[in-house]
Amino acid sequence: MNRLDIKKTYKLYIGGKFPRSESGRYLPAKSANGRHLENFAHASRKDFRDAVVAARQAFNAWSQATAYNRGQILYRAAEMLQNRAGELVNEIARSTGASISKSKREVMLTIDRLVHFAGWTDKYIQVFGSVNPVASSHFNFTMPEPTGVVVVVAPEEPTLLALVSLAAPVILSGNTAVVIASERFPLPAMTFAEILATSDLPGGA
């Protein structure tokens, strides 16, 4: 007996929740050879504004969190990513047409990259800050500080590694991010959003 293939429909990820698109529109997520895989929400301008508002609301608490706490949360996200590594390998392989071994390598690099950035939360100020010479008997320091909401546009490939490589530095420094996933290969980003939702990263961050 033939069964109807039920496609998964991915929603948006805004403020720690998964709302439907305000537009009500969904697009087919296709593989590199044009096969219909799943569906994903097509965000409207209002959805984008909602994401920015959620990121702004999360900014104060996230930017004031200690560097140690931010590092622990990013490390937890890496743990969660590792727990669902097999699923992400499958998403990358069937979306981009890459081999399983190449897809697995990308997922492992993504996990390592996230752990690497988790270790930077309490170090980047020392690296990028400076003590400035002054012509008086006091000290003058330059220290980087989080500034607010940063928009990240994820490239098409490498679909997961590039997204994490661009978004993690924004997050580790205390800023909040609005991430626009690749329209051509969105499924790895959608799965990664589900991982973040079950990690300790605050909604909106």
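Reader: Leaving aside neighbours within four places in sequence, which residues is Ala-118 in contact with?

Author: In this predicted model, once you skip anything within four places in sequence, Ala-118 touches Gly-71, Leu-74 and Tyr-75. Ala-118 itself sits in helix H4, which covers residues 100-118.

Reader: And is Ala-118 buried or exposed?

Author: Buried means under 20% relative accessible area. Ala-118 comes out at 8%, so it counts as buried.

Reader: How far apart are Ala-118 and Thr-142, in sequence and in space?

Author: They're 24 residues apart along the chain, and their C-alpha atoms are 23 Å apart in space.

Reader: Let's stay in helix H4 and look at Glu-106. Which side chain of opposite charge is nearest to it?

Author: That's Lys-102, 7.2 Å away. A salt bridge needs the charged atoms within 4 Å, and Glu-106 has none, although it is buried.

Reader: What is Glu-106 in contact with, then, beyond four places in sequence?

Author: You'll find Ile-92, Pro-158, Thr-159, Leu-160 and Leu-161 there.

Reader: Now the sheet. How do I read strand order?

Author: Strands of a sheet pair through backbone hydrogen bonds, and they can run parallel or antiparallel. Here three strands form an open sheet in the order E1-E3-E2, and the pairing is mixed. Strand E1 (9-10) and strand E2 (26-30) are the edges, each pairing on one side only.

Reader: How many bridges join E2 to E3, and which way do the two run?

Author: Five bridges link E2 with E3 (residues 36-41), and the two run antiparallel.

Technical notes:
Residues numbered from 1 in each chain as written. Predicted model: local features only at pLDDT ≥ 70, side-chain atom pairs only at ≥ 80, totals over all residues. Heavy atoms only, no water. Pairing = 2+ DSSP bridges. Helix = DSSP H or I, 4+ residues; strand = E, 2+ residues; numbered from the N terminus. Buried < 20%, exposed > 50% of the residue type's maximum accessible area, 1.4 Å probe, protein only. Contact = heavy atoms within 4.5 Å. Lys, Arg positive; Asp, Glu negative; His and termini not counted.
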